[in-house]
Amino acid sequence: MADVEKKDTVIIGAGPGGYVAAIRASELGQKVTLVEKSDTLGGVCLNVGCVPSKALIQAGHRLEQAKDGSTYGISTDNATIDFKKTQEWKQKKVVDRMTSGVKMLMKKHHVDVVNGEAVFLSDTQLRVIPTGEKQFMSVDTGATYEYNNIIIASGSHPIEIPGFKFEGRVVDSTGGLNLPEIPKEFVVIGGGYVGTELAGAYASLGAHVTIIEGTKSILAGFDKDLVSVVLKKLKKKGVDVITNAMAKGSKQDDNGVEVTYAVDGKESTVKADYCMVTVGRKPNTDNLGLEYTKVKLNDHGQIEVDNQGRTASEHIWAIGDCVPGPALAHKAFAEAKTAAGAIAGKKTANDWVGVPAVCFSDPEITTVGYSKSQATDKGIKVKTAQFPFAGNARAVSLDAPDGFVRFVYTDDDNKNIVGAQAVGPEVSTMAGELSIIVNDGLNVEDVALTIHPHPTLNEPIQETADIALGFPTHI
């Protein structure tokens, strides 16, 4: 076995949490070694997740607009799509560009990138085995590191359910993003944000989509009235949404797949070209050798950490999908900066009020902080105010008047905003402002006095604050 190499800060995983941690740690004077088992950087998000999915969503929107511009008096003939070229554009112009950018950033910050799989030997030592054929060449292949500190950013992977092994025409979200053709019939099992986003994308691209969801509604984490706006648009696209349905099994051949599901005990089948399963993700903590450390896991296999990301082992930290909280890239970004800062002796902490969430459905949804019911459950007495996009000139000019912006604010003289929700055209672009409002503890008067440019889609933020004050303008 090779000699033990001394390392300063080691990071496991080059996804959104890992590579940002590497950058911040380097900026704070640490010598960083980044271990990644894939041959590309950027993790699930940049390679096979949030970034390429948005590319397909955008392609779907462009195709819909090309097919029908009659609302604007525009006529087009026989708009078609070459899906092979679409996939090439997604990979080469979007994914490859972003991942190569991360590679450049690692060089800029003098981060030592090691391709391999990491396994803990103890609380202070790590074994890194090269991926690929090399790992079978010799027992001496690989390296042993002794580190001052280590950040685990190992991410997560899709959950596979009984009867739906990921092979052939049954795919996970990664396979769903890389289909060789646009399916005529497409079944999506799981109506969470990933399933709903890709269902909408493929419906826009021309597929007939069926969503099979086990609970009473798709997008179960969002308020019902937000989801209803998305459901209206999905139905307009011809998407069938089957709720309270239990996926039972699948049969496939070279031409397609047959999916069996049950509602109230009654079984039905639906045939499709492909079936995509998006029922959640599981943290990548099983094969790290954590049993040889003091690190503790919760019942969900997530690593228990404090508000700086420190585990039960003094020099081991963890961030991103492998720790509790929403599995969101921007949460991992924040946790990465906190952990790297804490290692450097900074008084950093993950002390946000709420992490903004965005669903790139059609139309989009964004939320941050408490909903009315969540605030009530916490014993906070609140009121709500909302403004419809139907009263917004920019939304109307985009022929996208559906949806609204809502504030949840305290029912007292302060009127502090403790939550915000929005559904409508491009509301992902207002998520940052809404996050500032909630996390900085602004009240409705603060927002009402902030001038928003006209005509823009962000004006409803100010309009909603006006309503909360009792002085509505455009409603």
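1. Which residues of helix 1 meet helix 8, and which residues of helix 8 do they meet? From helix 1 come Pro16, Gly17, Tyr19, Val20, Ala21, Arg24 and Ala25. Helix 8 answers with Ala329, Ala332, Phe333, Ala336, Lys337 and Ala340. Contact here means heavy atoms within 4.5 Å. By class the contact has ten nonpolar, one polar and two charged residues. Nonpolar covers Ala, Val, Leu, Ile, Met, Phe, Trp, Tyr, Cys and Pro; charged covers Asp, Glu, Lys and Arg; the others, Gly among them, are polar.

2. A word on the basis. The model is predicted: local features need pLDDT of at least 70, side-chain atom pairs count only at pLDDT 80 or more, and totals for chains, interfaces and linings use all residues. Residues are numbered from 1 along each chain as its sequence is written, and side-chain values use heavy atoms, with hydrogens and water left out.

3. Helices (H or I, at least four residues) and strands (E, at least two) are DSSP runs, numbered from the N terminus. Axes are lines fitted to C-alpha atoms, for helices over the stretch in contact, and angles run from 0 to 180 degrees between N-to-C directions. The crossing is right-handed. Left-handed means that the near helix is turned anticlockwise from the far one by less than a right angle, and right-handed that it is turned clockwise.

4. Helix 3 against helix 4. Helix 3 uses Val51, Pro52, Ala55, Leu56 and Ala59. Helix 4 uses Phe83, Thr86, Gln87, Trp89, Lys90, Val94, Val95 and Met98. The contact of helix 3 with helix 4 has ten nonpolar, two polar and one charged residues.

5. Helix 3 against helix 6. These two pack at an angle of about 35°, with their axes 8 Å apart. Their crossing is left-handed. Helix 3 brings Ser53, Lys54, Leu56, Ile57, Ala59, Gly60, His61, Leu63 and Glu64. From helix 6 come Glu197, Leu198, Ala201, Tyr202, Ser204 and Leu205. The contact of helix 3 with helix 6 divides into eight nonpolar, four polar and three charged residues.

6. The cavity. A search of the whole structure finds one cavity of 30 Å³ or more. The largest cavity has a volume of about 80 Å³. Of its 13 lining residues, Gly200, Ala201, Phe360, Ser361 and Asp362 are closest to the centre. Helix 3, helix 6 (193-205) and helix 7 (224-236) each supply at least two residues of the lining. Helix 6 has the largest share, five residues. The lining of the largest cavity holds five nonpolar, five polar and three charged residues. On a 1 Å grid over the protein atoms alone, a cavity is a set of points where a 1.4 Å probe fits but cannot get out; a pocket is an open set with protein on both sides within 12 Å along at least five of seven lines; lining residues have an atom within 4 Å of a point. Points are joined across faces, edges and corners, and a volume is the space filled by probe spheres set on them.

7. The second largest pocket. About 1,300 Å³ of space lies in this pocket. It is lined by 34 residues, with His61, Glu64, Gln65, Lys233 and Asp362 nearest its centre. Helix 3, helix 6 and helix 7 are the elements that give two or more residues to this lining. The largest share, eight residues, comes from helix 3. The lining divides into ten nonpolar, ten polar and 14 charged residues.

8. Backbone points to inspect. Most residues other than glycine have a negative phi, and most peptide bonds are trans. The bond from Asp362 to Pro363 is cis, with omega near 0°. Pro363 lies in the loop between strand 18 (357-359) and strand 19 (364-369). A cis bond also joins His454 and Pro455, with omega about -5°. Pro455 sits in the loop between helix 12 (444-448) and helix 13 (459-469). Asn78 has a positive phi of about 55° although it is not a glycine. Asn78 is in the loop between helix 3 and helix 4.
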